[in-house]
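Visitor: I have a structure to look at and a few quick questions. Can you put it up?
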Amino acid sequence: MTELERAVREISEEMRQRPDRGEVASYIPELARVDPQAFGLVVIDADGNVAAGGDSDVAFSIQSISKVFTLTLALGTVGDRLWRRVGREPSGSPFNSIVQLEREQGVPRNPFINAGAIAVTDVILSGHQPREALGEILRFMQFVADDSSIAIDEAVAASEQRTGFRNSALANYMKSFGVIENPVAYTLGVYFHHCAIAMTCRQLAKAGRFLAHSGRNPATGHLVVQPERARRINAIMLTCGHYDGSGEFAYRVGLPGKSGVGGGILAVAPGKASIAVWSPGLDAAGNSHLGRIALEALTRRMGWSIF
Ligand code: DON
């Protein structure tokens, strides 16, 4: 057994036994049905070796982790013109906050808070029917993960569609400033559905490989994005990927990462590994509680912090 395999196994066992698991998200009713005891961890190193622990093959709702991939797609479509519609500064606010939008003319602080991700989805939607835009996002996910079985959990999408009043407020508010161009209902429909993509830790770690290896997926040889773009996406993950918990994540884990309220985190150790962890209980900022603790233990043990 390699040192990496041993680390992943031991950390997964330790996390399974911990009593402090955080709170499972319930504002999207369907997410509240998830088992809070679940825990999964998958690491894929530069040579393609896979180390897996716990529930590594159980699909969960990736939620905001999808925003990394919609950002990548939107940059591929409109390039740096994207930055006219969304900023790239940390917000220091909760993921669903509205306060900065009024002061900043409806332009969201970054592509990872909900307002910013809705604006990015609107860019992908432009010129397409919602179904086409969603198909493009799903196909991109399947392409980067090299797995055509990845699908949307329709029950989760419908659950958020019924209860997403806050996102509806954010989208309408941005629309009043002209930041959203398509009908709000279309943009939100695509947004709710890409957040409802279900993936396993194994699939997610595969999907993150291009970010860990300068834009190229080493398994398929595909250059997904130029090295400079991969670097920049990683920079935004580091500074904004955990909302107002981004500073704490950088301090403790020291890697670019993106969380989702389904309890997943995708973390990138540049040149070294792509890492996916899942534990559904969240901390006060809406990030996976044990996911962060597991990543902290892993990066310390492997010496992977970028700092
Ligand atoms: O828009 C929402 O509230 C969810 N679909 C996604 C939020 C999320 O994952 C925040 N991340 N920790």
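Guide: One definition to start: two strands pair if DSSP finds at least two bridges between them. Strands (E, at least two residues) and helices (H or I, at least four) are DSSP runs, numbered from the N terminus. The model is predicted: local features need pLDDT of at least 70, side-chain atom pairs count only at pLDDT 80 or more, and totals for chains, interfaces and linings use all residues. Residues are numbered from 1 along each chain as its sequence is written.

Visitor: Which residue in strand 8 does G257 stand opposite?
Guide: G257 stands opposite A267. Strand 7, residues 257-259, pairs with strand 8 in the antiparallel sense, over three bridges.

Visitor: What sits between strand 7 and strand 8?
Guide: Four residues, in a hairpin where G263 takes a positive phi near 100 degrees.

Visitor: And how many bridges join strand 8 to strand 9?
Guide: Six, and the two strands run antiparallel. Strand 9 covers residues 273-278, and its W278 stands opposite G264. The hairpin of strand 8 and strand 9 has three residues between the strands, with G271 at a positive phi near 75 degrees.

Visitor: How many residues of strand 8 are buried?
Guide: Six of the six, residues 264-269, so strand 8 is largely enclosed by the rest of the structure. Buried means 20 or more other C-beta atoms within 10 Å of the residue's own; exposed is 12 or fewer, partly exposed is in between, and C-beta atoms are placed from the backbone.

Visitor: Which of them point which way?
Guide: G264, L266 and V268 point one way, and I265, A267 and A269 the other. In a regular strand the side chains alternate between the two faces of the sheet.

Visitor: What about the whole chain, how many helices and strands?
Guide: The protein chain has 13 helices and 10 strands. Buried residues make up 53% of its 307 residues. Along its principal axes the C-alpha trace spans about 55 × 40 × 35 Å.
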